[in-house]
Amino acid sequence: MAPVDSDLFDRLERFYDALPRPWARAEEIGTLVLFVRDGEGWPYYARPVRGSHTPSAADLTAVRRRQRELGLPETFEWVHETTPDLLAVARSAGLDVLLAPLLVLDPAALVPDLPLRGATTRLLDPATPTFAADLGASRAVARLGFAAPAYQPPLESAENVLLIGGAGPAERDAAAPPTAEAVRHARELAATGDFVTVLAETPEEGIVATATSQRRGDVAEIVGVATLPSARRRGYASQLTATLARRLLAGGTPLVFLSAGDDDVARLYTRVGFRRVGTACIAEPAAAPL
């Protein structure tokens, strides 16, 4: 892992704090800020107030109580290198913490654009008549992709193997279409120029992979990189990530980063041109024992 760069982490903290504010209200509870989305959309997180000391277990408990009042997931996010003591506090408060590799783009190492196997790429464009349907397909691909783990260790080995098969176009097309409010909000996000989604599709299967970039100022994060489980192992996720990264660099965004679900996924991004700099922590209530 690269040495700690305090300026880099300061820039990331500003990004995490600024990104939700146009679309949510911020409630400060102790040394945590809870972002509450206005209208439909993926719910935001709670995270440490910028520049504050480490949140206490009491702060976490108070925020969880407020999240339950609002019907929100009890989710917390932070960067370990910025708030290192919060990991132990969160675990002591009964939260499970995912330690997600945090990676930044090395522009000199970014792979070139390459043709996709049997597929083409295009932007999710709100000006097209198929925007609502494309939005629904993209979100269904993301839900199905994230719901099915891409890697699993075989019984005879400690090494992980990539899982192929599972949900495909039929399951994607069976998903409920986006609501009119969701479509309106997606158009509003796209109109800012700061939120871009790129799709991979094949003539036979339709939309099979998706990835999104979200930018604030001169920092951007690549999120929602997902492939339909039946279409894995074709290089779609890697190429969509590289396409967005190149678009961001060309548009004058010098700092591009992302978080990977685990070390196996992180290795995919290092092959694209990203390097690990730290750990993003995502905390949720511990699952009840069976």
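## Exercises on a predicted model

Helix H8 is followed by Gly273, which has a positive phi, near 135 degrees. The model is predicted.

**Exercise 1.** Describe helix H8: its start, its buried residues and the residue after it.

*Solution.* 
- Step 1. At the start of H8, take the side chain of Asp262: one of its oxygens comes to within 3.1 Å of the backbone nitrogen of Asp264.
- Step 2. H8 covers residues 263-272, and its buried residues are Asp264, Ala266, Leu268, Tyr269 and Val272.
- Step 3. After the helix comes Gly273, with its positive phi.

**Exercise 2.** Characterise the second largest pocket by volume, central residues and lining.

*Solution.* 
- Step 1. The volume of this pocket is about 200 Å³.
- Step 2. Its lining consists of 14 residues, of which Glu13, Arg50, Gly51, Ser52 and Thr82 are the closest to the centre.
- Step 3. Sorted by class, the lining of the second largest pocket holds three nonpolar, six polar and five charged residues.
- Step 4. Helix H1 (residues 6-18) supplies the largest share of that lining, three residues.

**Exercise 3.** Is Gly30 buried or exposed, and where is Gly30 found?

*Solution.* 
- Step 1. Gly30 is in the loop between strand S1 (24-29) and strand S2 (32-37).
- Step 2. The relative accessible area of Gly30 is 55%. The cut-off for exposed is over 50%, so Gly30 counts as exposed.
- Step 3. Val49 is 19 residues from Gly30 along the chain, and their C-alpha atoms are separated by 8.7 Å.

**Exercise 4.** Assign Arg66 to an accessibility class and name what Arg66 touches.

*Solution.* 
- Step 1. Arg66 lies in helix H2 (residues 57-70).
- Step 2. Its relative accessibility is 24%. Buried requires under 20% and exposed over 50%, so Arg66 is partly exposed.
- Step 3. Not counting residues up to four places away, Arg66 touches Arg25, Glu27, Ile29 and Leu34.
- Step 4. For the pair Arg66 and Ile29, the sequence separation is 37 residues and the C-alpha to C-alpha distance is 9.0 Å.

Conventions: Residues numbered from 1 in each chain as written. Predicted model: local features only at pLDDT ≥ 70, side-chain atom pairs only at ≥ 80, totals over all residues. Heavy atoms only, no water. Buried < 20%, exposed > 50% of the residue type's maximum accessible area, 1.4 Å probe, protein only. Helix = DSSP H or I, 4+ residues; strand = E, 2+ residues; numbered from the N terminus. Polar contact = N/O pair within 3.5 Å; in protein donor to acceptor, adjacent residues only side chain to side chain. 1 Å grid on protein atoms, 1.4 Å probe; cavity = no way out; pocket = protein on both sides within 12 Å on 5 of 7 lines; lining within 4 Å. Points joined across faces, edges and corners; volume = space filled by probe spheres on them. Nonpolar A, V, L, I, M, F, W, Y, C, P; charged D, E, K, R; others polar. Contact = heavy atoms within 4.5 Å.
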